[in-house]
Amino acid sequence: PDKYHVGLTITLKHFRDIIANRRYNLSWDSGIAITENNAQDDLQYSKAYSLLGDELVDIDASKAKKGEPEVESMEGTTKWVAVRNKYFTSIITPVSRNATGMSLVGTKQKQGELELENYKASVTMPYSENVAQEDSFLVYVGPLDYEVLRSYDRDFQRMMNFGWKIIRPISKGVLWAFTQIHKYIPNYGLVLILFGVAVKILVFPLTKKS
């Protein structure tokens, strides 16, 4: 319950003469399908991410030049890679050993009036030349829910945009208030109405003075 992941195990046997560069890639190739009736609204939030050490790296395919992909590729300890749209995300994170690099690729393609975006995210895993090597991964496919992502304790929630640094505490405070009210009123429509009324009451003295 309340989990949106699967475990994945890759076992390599007798690959010593096949993997020439002593590494392999595990990739999420398919992006995430558009879920909004207004596709442009969904595409506005579509991106690919990687947590490289403590640095969050991202690409936006909407910035790609015509006929060329938007690409970011780096070496270093990689904790996870992910693709997202407005409300959902897919994440690959190594569990048994650290990835040694990552690659993010974003492309866009004209379809009618829309410029559709697609993303590929890969982690690079080392191959140790053993007769058998087993690597385990966690693959998350689910909602961009702050508390759910944070519960995995792998900094997945860092891909959520809370605005400029100066207003992030306010954004997180609003989110906290929403979730607390939702515990007692399990309908986000009513929560939004009540929150709007509460804000109006809170700022009424300032509004009246202005």
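Author: What follows starts with the model as a whole, then turns to the rings and to some places around them.

The model is predicted, so local features are reported only at a pLDDT of at least 70 and side-chain atom pairs only at 80 or more, while totals for chains, interfaces and linings use all residues. Residues are numbered from 1 along each chain as its sequence is written, and side-chain values use heavy atoms, with hydrogens and water left out.

The pLDDT is the predictor's confidence in each residue, on a scale from 0 to 100. Its average over the protein chain is 87, and 98% of the residues score at least 70. Confidence is highest in strand β6 (residues 88-94), with a mean of 96, and lowest in α3, with a mean of 77.

The protein chain has 4 helices and 9 strands. Both are DSSP runs numbered from the N terminus: helices are H or I with at least four residues, strands are E with at least two. Their order along the sequence is β-β-α-β-β-β-β-β-β-β-α-α-α. The C-alpha trace spans about 75 × 40 × 30 Å along its principal axes. Of the 210 residues, 33% are buried; buried means under 20% relative accessible area, exposed means over 50%, and partly exposed lies in between, with a 1.4 Å probe and protein chains only.

Now the rings. A pair of aromatic rings is described by the distance of the centres and the angle of the planes. Rings of Phe, Tyr and Trp (its six-membered ring) pair if their centres lie within 6.5 Å; planes under 30 degrees apart are called stacked, over 60 edge-to-face, and the rest tilted. The whole structure contains 5 aromatic pairs. One of them joins tyrosine 140 and tyrosine 152, edge-to-face, with 5.4 Å between centres and 85° between planes. Tyrosine 140 belongs to strand β9 (residues 132-143) and tyrosine 152 to the loop between α2 (146-151) and α3 (168-184), so this pair ties together parts 12 residues apart in sequence. Both of these tyrosines are buried.

Tyrosine 152 also pairs with phenylalanine 156, and this pair is tilted, at 5.7 Å centre to centre and 45° between the planes. Tyrosine 152 counts as buried because its relative accessibility is 10%; for phenylalanine 156 the value is 0%, so that residue is buried as well. Tyr140, Tyr152 and Phe156 belong to one aromatic cluster with Tyr4 and Trp80.

Aspartate 153 is in the loop between α2 and α3. Its phi is near 55°, a positive value in a residue other than glycine. Aspartate 153 is exposed, because its relative accessible area is 70%.

The side chain of serine 50 reaches the backbone oxygen of tryptophan 80 at 3.2 Å. That is a polar contact, a pair of N or O atoms within 3.5 Å; within protein, one must be able to donate a hydrogen and the other to accept it, and residues adjacent in sequence count only if both atoms are side-chain atoms. Serine 50 is found in strand β3 (residues 47-52) and is buried, because its relative accessible area is 0%. Leaving out residues up to four places away in sequence, serine 50 touches Glu55, Leu56, Val57, Thr78, Trp80, Val81, Met102 and Leu104; contact here means heavy atoms within 4.5 Å.

β3 pairs with strand β4 (residues 55-59) in the antiparallel sense over 5 bridges; two strands pair if DSSP finds at least two bridges between them. Leucine 51 has leucine 56 as its bridge partner in β4. The two strands form a hairpin with 2 residues between them, and glycine 53 in the turn has a positive phi of about 65°.
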